[in-house]
Each structure stands twice: as structure tokens, then as C-alpha cells.
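I opened this structure to look up two things and write down what I found. The entries follow in the order I made them.

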Amino acid sequence: MSVGGSRSITAVALLGLVYTAGISLQLVEEKIFESESPLRIALSTGIQYGGTARRGGRRVGKSEVAKELPSVPYIKASQLLQSGHFDHAAESIARSYENISHAACSLRRPERNPNAGDYRSDEQVFQDEIEGLYYTKVPKTASSTLAGINRRISFHLGKRLHGSNSTAYDDLNTSCSHKEMHITGAGKHYRKRVSGKSFLWGSVRDPASRSLSRIYFHHISKKGIPDDDEDILKILRQDVNPQTGAISRTSGFQLQYLSMDRLQEWQAWNRSRPTLVLRPESVLTNVEKVVHDYDFIAVAERLDESLVALQLLLGLRLGDVLSFSSKVGGGFFYERSTHSCIPIQKRTRQETIVEDYLRSDEWQAVNYGDYLLHAAANRSLDLTIDRFGRDHFQGALRRFRIAQRVIADRCKTETFFPCSDDGEVQLEKSRSSCYYDDEGCGYACIDRLAVENNW
């Protein structure tokens with residue numbers, strides 16, 4: 001075969017692409033599939049992949065590089081995730097988040113569209129353009145804790161901007177318009193938002209950790225499915241429910257959840273070639289769009305840094321982003337349907353067939369979009385911290401962590417969740433302690449300490 005030629009190639013023993021810092025595109029021999037389509041790889045251009053790519057001394061953007069990447073139909077997942085390609089791909093679509101004006105704290109409440117229909121409909125949920133603070137609650141990405149933060153910001157920022165002596169939570173006359181929901185179809189809710197008068201954010205988590213957390217919370221704790229590795233493997237491979245599932249048909253549960261577009265199912269993965277990522281460039285494009293459609297994406301594993309970055313992006317006070325964690329493994333969750341408290345189980349076993357599967361090419365292939373989104377969100381957070389200045393940011397982070405420790409020490413005895421530490425229902429207490437369900441619990445104590453300490 002001749003590289004860059006137009007002849008059909010049969011018995012291809014060459015597909016993997018390695019992208020390493022300082023090294024041009026290289027072909028790596030990997031017998032994967034046979035194809036009748038030509039591979040045109042312009043090695044002579046000397047392109048490197050991602051944000052560090054350069055040609056003739058100038059920086060090459062992602063879109064320009066993508067045009068000259070080989071149009072290969074699929075690549076083995078381990079080659080994508082364990083090579084320099086992955087880091088450069090994340091770098092190429094990451095961005096430093098921009099500061100947002102307080103104009104995003106709008107009092108305008110959107111009217112719901114009566115013709116919106118169910119989750120299968122593409123009809124817009126709101127009739128009008130939307131303004132305000134909106135958080136997409138991706139399940140098991142610290143979403144209940146962060147939803148409470150979104151409510152807290154809306155109340156406190158609105159009160160300062162629009163003036164009120166009210167102590168009531170969510171005074172419609174002063175609090176920013178806000179939503180924080182588990183949704184199906186982010187685009188149906190937020191595509192019509194007004195730039196400059198709205199702030200849309202979400203959160204992501206390592207795909208394996210998120211999926212296991214979802215399984216232990218929904219399937220094992222709530223539904224009573226046995227804590228058995230074979231059952232867990234079955235769920236990891238098959239459950240594509242858009243709310244309670246472990247995976248999706250679109251290269252990642254979180255990618256699908258946050259996307260403003262309805263992603264094509266099975267475009268990036270199918271069961272006939274389970275270890276391969278199909279159309280990796282298409283996945284890259286979908287992830288890039290999510291990164292740029294949102295004003296901020298928090299990283300669950302870096303929650304403290306994410307909240308401090310959020311504070312600085314929105315020009316908030318420290319007290320606006322303080323909270324208690326809404327759900328902790330080993331605690332209890334209030335189940336409304338049975339009016340009971342359910343113990344939240346967590347995984348304690350290590351290095352079993354489950355962990356082996358979570359390291360496999362199949363798992364990495366079906367979740368490639370989520371791994372890329374998680375990496376891009378991490379890199380975007382780093383870029384944002386760099387823009388604020390590392391010293392300045394670290395100082396803000398230290399103050400945040402000190403305040404969190406004070407809250408944990410001083411507010412524990414007067415913070416009431418829907419379930420007690422002993423698993424007893426205590427809704428009367430929690431209703432006066434939490435904004436909603438288990439979101440923003442302990443807010444009155446946090447408010448008091450924020451005033452006392454000038455947070």
C-alpha cells in the first residue's frame with residue numbers, strides 16, 4: 001500500500017493512531033479489521049493533534065487539524081485512551097470559562113410551553129427565551145449538592161442585586177430565575193437561553209465511578225437488587241435508561257445528558273464490534289459542543305476547586321457557595337413513594353470481575369465520549385484557574401476549605417436532612433432546614449455563620 005494513495009486497501013493491519021507531544025502522526029500496526037475504503041494519511045504535513053499543534057511556526061486550531069485527520073471508521077478504545085491522542089484531544093476542545101455578568105440574575109420567569117409533550121418530543125419546554133441561573137443535574141455527579149448551591153446563589157445574589165429584607169427562601173420578587181432539574185433533553189429546556197442574561201452549568205464525574213454510584217444508589221439501595229458482581233456487570237452492559245442507567249447508546253451517559261442536541265444512537269459504538277470506538281472524530285465534535293454550550297462544567301472529583309471557580313466566575317461571596325453534601329455513602333435517602341428512609345450502600349469490594357470490566361476495551365469504547373468530556377472539563381478547570389492566577393485562586397480555595405470545616409463543626413447539630421443518622425424520617429425538621437428535599441440543608445446556619453465571619 002502507498003500512504004496517501006487512493007487505492008482500495010484490503011487486509012488492513014494498520015489503524016491505530018498515536019498522538020504524542022512533540023511527535024507527528026505515526027502509524028501503529030494493529031490488526032483490527034479489513035476495509036475496502038482508502039486511508040489517506042498526509043504524513044508530510046507533520047501535524048500534531050490538539051491545542052499544541054503547530055504548522056510552519058503557527059498554532060493550528062482543532063477544526064483545522066480535524067479536517068486533515070484520517071477519516072477512519074473505528075479505532076480500538078485502548079489506543080485512544082492510553083496514548084497521547086487522548087490528552088491532546090481534550091486539550092484541543094477545552095477552554096477557559098469566562099466571567100459572567102450579574103445580568104444573568106434575571107427576575108424574568110419563563111412560561112412553560114403547554115405543548116412540550118413527553119421526553120420523546122423535541123418541542124421546547126419553555127415558550128419564551130430564558131434568562132437566569134440553570135443547572136443540569138446529571139445523576140450521581142454531586143448533582144443534589146450542586147443543585148442546592150444553584151438555589152443558594154439565586155436567592156442570595158438576587159437579594160443583594162434586587163434589594164430585599166426578606167428572610168424567606170426563594171422570594172419571587174428578588175431571587176434570580178433558576179432551575180435545577182434531572183431532565184431528558186437539555187436542548188429542549190435551555191437552547192433558547194439569552195446569552196449574557198443566563199448562566200448554564202452542569203457537572204461530570206469519572207464514568208466508571210458515576211456508573212457504580214448509580215447502580216448502588218438506584219438498583220441496589222432503592223430497588224433491592226442483590227449486591228452481586230454478575231448482576232452489576234449485567235447492568236453495566238445493558239442499562240441505557242436516560243435517567244437511571246449506567247451507559248447510553250451515544251458514547252456516554254453524561255455526554256448524552258448534557259448535550260443540546262439529540263445524539264444519534266449507536267453512531268459511536270455497537271455490540272458487533274464492542275472494543276472499538278466508531279467515528280471518533282464525530283465523538284470529539286459532540287464533546288466540544290457540550291464544552292462550549294455550557295458556561296461552566298464542575299468536576300465532581302474536584303468539587304472544592306469547582307465551587308471556588310464558580311464563585312470567581314460569577315463574582316459571588318464565599319458564603320454563596322458553601323454547603324453540606326446532600327448524599328453520602330453509608331447514610332440514608334428518603335424514598336417518597338414508600339415514605340421511608342433507605343440506607344445508601346456503597347461498594348467495598350475491590351479487584352473483582354467488575355473492576356476488570358471497567359478497565360476493558362469494551363467499557364472504554366462504549367463510554368469514550370464520557371471519558372473525553374471528563375478530561376476536557378478537568379482541563380477547562382485548569383485553564384480557568386490559570387486565568388485567575390494560581391496564587392489568587394489558591395488563597396480563595398484555602399478560605400473556602402476553612403469555611404467548610406467551620407460549617408461542618410458548627411452546623412451539624414442544627415442541620416436536618418429528610419432522614420436522621422439513624423434512618424428515621426424527619427420531614428418536619430428537614431422542611432425548615434433544607435431548600436428542597438435534601439438540597440441546601442443547613443442553609444440557615446450557613447447564613448448565620450456567613451454574616452458572623454463576613455463570608
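Helices are DSSP runs of H or I, at least four residues, numbered from the N terminus.

I noted that this is a predicted model, where local features need pLDDT of at least 70, side-chain atom pairs count only at pLDDT 80 or more, and totals for chains, interfaces and linings use all residues. Residues are numbered from 1 along each chain as its sequence is written, and side-chain values use heavy atoms, with hydrogens and water left out.

Entry one, helix α7.
I looked at the N-terminal end of α7 and found it capped by Asp228, with a side-chain oxygen 3.0 Å from the backbone nitrogen of Glu230. I then asked which residues of α7 (229–238) are buried (under 20% relative accessible area, 1.4 Å probe, protein chains only; exposed is over 50%). They are Asp229, Ile232, Leu233, Ile235 and Leu236. These residues lie on the same side of α7 because they cover an arc of only 160° around the axis, taken from the directions from the helix axis to the C-beta atoms. On the other side, I found Glu230 and Lys234 exposed. The cover over the buried residues includes α6 (207–222), α11 (353–358) and α12 (361–366), by contact, meaning heavy atoms within 4.5 Å.

Entry two, a lining.
I sorted the lining residues of the second largest cavity into five nonpolar, six polar and one charged. Helix α9 (280–293) gives the most to this lining, with three residues.

Conventions: Helices (H or I, at least four residues) and strands (E, at least two) are DSSP runs, numbered from the N terminus. A polar contact is a pair of N or O atoms within 3.5 Å; within protein, one must be able to donate a hydrogen and the other to accept it, and residues adjacent in sequence count only if both atoms are side-chain atoms. Ala, Val, Leu, Ile, Met, Phe, Trp, Tyr, Cys and Pro count as nonpolar, Asp, Glu, Lys and Arg as charged, and the others, Gly among them, as polar.
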